[in-house]
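Trainee: Could you show me how to read the features of a protein model, one at a time? I would like the general idea and then the case at hand.
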Amino acid sequence: MCGVDPVTLAIGALKVGTAVSGWQEQRQQASNQAYADYKTRANADQAYLNDLSKIETERGQAAREKGTEEFRAKLKRMKDLAKAQNSGFGNALRVAQDVGTVFDADYNDIAFGFESDMITLNNQRTDAYANMSRIYNNIAPVYMPNSTDLALRVGNAAVDTYGTTT
């Protein structure tokens, strides 16, 4: 046998086996981490979609509420106008103008409230995306040991063992 004693051969085999075992363990850890990162991204995506769904539901509810309030204000204006005109108080044109002024103020309040709701919902949408981005950005890249790495480890183990015996 080429002048290598059995103890050195056993030590070399042990170092090579340790290198291969370490490489396999690191690959498994990298694979596990990659899967965990995949699940983290999937959960972040799902949370983002859930947030968007809630925001769009609130947007629809705000639009319905606005429509309902506008309809109620319009009915109130018509009721007040009819009541004032039927009561016979003053000039009908002046009564209509007075009731119209109150209606315009109510309509502006409704529009302002709706616009405020839309701004809040848009901010919530931006916050939801920012949260998903933060989660993505906190995921560290995974290094997957490759076959070149294994070859280098085995080569180093062989050199450490057999390179010193010459």
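Trainee: How many aromatic pairs does the count come to?

Mentor: Rings of Phe, Tyr and Trp (its six-membered ring) pair if their centres lie within 6.5 Å; planes under 30 degrees apart count as stacked, over 60 as edge-to-face and the rest as tilted. By this rule the count comes to 2 aromatic pairs. One of them joins Tyr35 and Tyr38, with 6.2 Å from centre to centre and 35 degrees between the planes, and it is tilted.

Trainee: Before we go on, what kind of model is this?

Mentor: This is a predicted model, in which local features need pLDDT of at least 70 and side-chain atom pairs count only at pLDDT 80 or more, while totals for chains, interfaces and linings use all residues. Residues are numbered from 1 along each chain as its sequence is written, and side-chain values use heavy atoms, with hydrogens and water left out.

Trainee: Where do Tyr35 and Tyr38 lie?

Mentor: Both lie in helix H1, 3 residues apart, about one turn of the helix. Helices here are DSSP runs (H or I, at least four residues), as are strands (E, at least two), and they are numbered from the N terminus.

Trainee: Is Tyr35 buried or exposed?

Mentor: Buried means under 20% relative accessible area, exposed over 50%, and partly exposed in between (1.4 Å probe, protein chains only). Tyr35 has a relative accessible area of 52%, so this residue is exposed.

Trainee: And how do the rings of Tyr48 and Tyr129 pair?

Mentor: Their centres are 5.8 Å apart and their planes are at 70 degrees, so this pair is edge-to-face. The pair links distant parts of the chain, with Tyr48 in helix H1 and Tyr129 in helix H2 (residues 92-137), 81 residues apart. Tyr48 is buried, at a relative accessible area of 18%, and Tyr129 is partly exposed, at 46%.

Trainee: Which residue lies over the face of Phe114?

Mentor: A charge sits over a ring if NZ of Lys or CZ of Arg is within 6 Å of the ring centre and within 35 degrees of the ring normal. In this model Lys66 lies over the face of Phe114, at 4.8 Å from the ring centre.

Trainee: Now for charged partners. How many salt bridges does the structure hold?

Mentor: Side chains of opposite charge can pair when their charged atoms come close. The cut-off for a salt bridge is a side-chain nitrogen of Lys or Arg within 4 Å of a carboxyl oxygen of Asp or Glu. The structure holds 5 salt bridges. One of them joins Arg153 to Asp149, where the closest N and O atoms are 3.1 Å apart. Both residues lie in helix H3 (residues 147-162), 4 residues apart, about one turn of the helix. Arg153 is partly exposed, with a relative accessible area of 22%, and Asp149 is buried, at 16%.

Trainee: Which residues is Arg59 in contact with, leaving aside its neighbours within four places in sequence?

Mentor: Contact means heavy atoms within 4.5 Å. By that rule Arg59 is in contact with Met118, Leu121, Asn122 and Arg125.

Trainee: Can we finish with the chain as a whole? How many helices and strands does it have?

Mentor: The chain has 3 helices and 0 strands, running α-α-α from the N terminus on. Of its 166 residues, 18% count as buried. Among contacts between residues at least 6 apart in sequence, 88% join residues at least 24 apart.
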